[in-house]
Structure formats: structure tokens, C-alpha cells
Amino acid sequence: MAQKIWPSAAEALAGVVQDGMTIAVGGFGLSGNPTNLIRALRDTGAKNLTIVSNNMGVDGKGLGLLLENRQVAKVIASYVGENKLFAEQYLSGELDVEFAPQGTLAERLRAGGAGIPGFYTPTGVGTPIADGKPEAEFDGRRFILERGIVADVALVRARWADRFGNLRYRLTSRNFNPLVATAGRLTIAEAEEIVDAIEPDDIMTPGIYIQRLVASEDLTKEIEQRTVRPRVDA
């Protein structure tokens with residue numbers, strides 16, 4: 001078995017990322033973001049990237065780092081409302097955006113990972129989402145064809161990994177990460193803790209999908225918005 005554990009995120013990405021690649025990234029908001037791999041991706045300086053992710057982080061955090069560094073040419077996402085720089089780049093024409101309903105995006109990643117080139121869904125019929133997409137009728141209902149997504153590189157984060165690349169997520173981090181992990185031609189995972197072996201019944205992403213693995217160097221869990229409940233006596 002080839003060695004899967006790499007010394008650092010930077011070394012795991014070295015020689016892998018090139019200009020113009022499609023890169024899928026796990027996470028939901030800032031929860032479950034592969035933050036160490038995102039920083040290493042920024043540091044490669046690769047340009048004209050297509051990023052596939054549920055959202056693009058926030059200004060200065062998560063995938064927002066790539067926007068700040070002007071590395072992204074296109075985004076395929078379902079929600080981007082937390083990032084002002086994203087809005088500026090989109091409205092100026094600097095950034096191409098393909099919106100996908102959240103469930104559709106999840107299924108497009110799952111389909112790509114399963115080798116399914118496309119599927120029909122009723123979501124988006126009769127809206128701008130359907131523009132230019134083939135349409136068919138099944139049992140009296142209209143459906144549009146959505147394409148599966150296969151990324152050149154996929155970046156994910158897990159709570160635990162073992163030396164074979166098997167992954168286990170914790171709580172909300174089990175969002176888009178399992179889907180993204182299967183959709184990459186090359187998938188790199190970072191884990192908060194690498195153990196000798198994960199019990200088979202506890203494995204959420206089998207190691208066959210993971211080609212490279214690194215230990216998370218920074219375990220900081222960022223929060224998108226901090227809110228404080230008003231004091232009763234205020």
C-alpha cells in the first residue's frame with residue numbers, strides 16, 4: 001500500500017495543483033472546512049480555479065482567502081451570502097458563478113463520485129436554474145438534467161483518520177465532506193487526529209477514496225458570526 005500520510009498540507013499539494021483546475025472543497029459555512037489545505041492552496045498561487053463548494057466562506061476566512069488572492073475564476077455553489085468580496089467580484093464580472101440548489105449540488109457531487117454522468121431532477125424547473133438544460137417528462141412531471149461533478153482535486157476535513165485513509169467526521173462536519181471526498185480524481189484529507197485504525201463500523205469515508213492525508217496543524221474552529229443574547233435588564 002502506498003504511503004498516504006504526508007508531512008504537511010503544503011507538501012501534499014506540491015506538484016498537484018495547476019492553473020485552471022476544478023477543485024471541490026468540503027464544509028458548510030466555516031464548519032468542517034479543510035482550513036489547513038485551503039491555506040496551502042492559497043500559497044500555491046494557482047490561478048483561474050473553479051471552486052465547487054456549498055459556499056465560499058466569509059471575508060478573510062475559509063475559501064474567502066482564495067478570493068482575496070484573486071485565484072478563483074468560477075464558483076459552483078448554493079449559497080454565498082456571507083462574503084462581501086464575493087459579491088464585489090461577481091458584480092464586476094471578475095467572477096463567474098453557477099448557482100445550484102443545495103440538494104442538487106450534493107447530488108451532483110454524489111453522482112460524480114459514483115460514476116454517474118447526469119440525473120434528472122424536478123428542482124429548478126421553470127426557473128433560471130433550468131436555462132439551457134435538457135428537459136424531460138416522467139409520469140406527467142417536468143424534470144431537468146443535471147450533470148455529475150468530478151473535480152481534479154478534492155479537499156476535505158475529518159475529525160479522525162487512520163493510516164489507511166479511512167475517515168470519520170464529527171457532528172456538522174459530516175456535511176459536504178463525505179460527498180466531496182468521493183468526487184475528486186485526487187482527494188486530499190486533513191484530520192484533527194490520525195490513529196492507527198478506525199473500527200470498520202465507524203468508518204464514514206473508506207480509505208479507497210483518499211490518496212493523501214495530513215494532520216491538521218491549526219485546530220482553530222472559526223465562527224462565521226458571533227451573536228450575544230440581549231441581557232434581560234438591558
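Me: Before we get into it, what kind of model is this?
Reply: It is a predicted model, and within it strand 5 and strand 7, the latter covering residues 141–147, pair in the antiparallel sense over 4 bridges.

Me: OK, and which residues of strand 7 stand opposite Gly118 and Phe119?
Reply: Gly118 stands opposite Arg147, while Phe119 has Glu146 across from it in strand 7.

Me: What is the strand order in the sheet they belong to?
Reply: The order is 5-7-6, in an open sheet of 3 strands with antiparallel pairing. Strand 5 (118–121) and strand 6 (135–138) are at the edges with a single partner strand each, so one side of each has no neighbour in the sheet. From one strand to the next, the twist averages 40°.

Me: Which helix lies across strand 5 and strand 7?
Reply: That is helix 5, residues 102–113, and it runs at about 155° to strand 5.

Me: And which residues of strand 5 are on the covered face, and which on the uncovered one?
Reply: Phe119 and Thr121 make up the covered face, whereas Gly118 and Tyr120 are on the uncovered face.

Me: Is Phe143 buried or exposed, and what about Phe138?
Reply: Phe143 is buried, with a relative accessible area of 14%, whereas Phe138 is partly exposed at 38%.

Me: Switching to charges, how many salt bridges are counted?
Reply: The count comes to 14 salt bridges. One of them joins the side chains of Arg142 and Glu135 at 2.7 Å, N to O. Arg142 is partly exposed at 44% relative accessibility, and Glu135, at 42%, is likewise partly exposed.

Me: What does Glu192 pair with?
Reply: Its salt-bridge partner is Arg157, with the side chains meeting at 3.6 Å, N to O. Glu192 lies in strand 10 (residues 184–195) and Arg157 in strand 8 (residues 151–162), so this pair ties together parts that are 35 residues apart in sequence.

Me: Buried or exposed, that Arg157?
Reply: Arg157 counts as buried, at 5% relative accessibility. Through salt bridges that share partners, Arg157, Arg159, Glu190, Glu192 and Glu193 are joined into one network.

Me: What about Arg42, which residue does its side chain meet in a salt bridge?
Reply: The side chain of Arg42 meets that of Asp43, at 3.1 Å, N to O. Here Arg42 is partly exposed at 27% relative accessibility, while Asp43 is exposed, with a relative accessible area of 57%.

Me: Which residues in helix 2 are buried, then?
Reply: In helix 2, which covers residues 35–44, the buried residues are Thr35, Asn36, Leu37, Ile38, Ala40 and Leu41.

Methods:
Residues are numbered from 1 along each chain as its sequence is written. This is a predicted model: local features need pLDDT of at least 70, side-chain atom pairs count only at pLDDT 80 or more; totals for chains, interfaces and linings use all residues. Side-chain values use heavy atoms; hydrogens and water are left out. Two strands pair if DSSP finds at least two bridges between them. Helices (H or I, at least four residues) and strands (E, at least two) are DSSP runs, numbered from the N terminus. Axes are lines fitted to C-alpha atoms, for helices over the stretch in contact, and angles run from 0 to 180 degrees between N-to-C directions. Contact means heavy atoms within 4.5 Å. A salt bridge is a side-chain nitrogen of Lys or Arg within 4 Å of a carboxyl oxygen of Asp or Glu. Buried means under 20% relative accessible area, exposed over 50%, partly exposed in between (1.4 Å probe, protein chains only).
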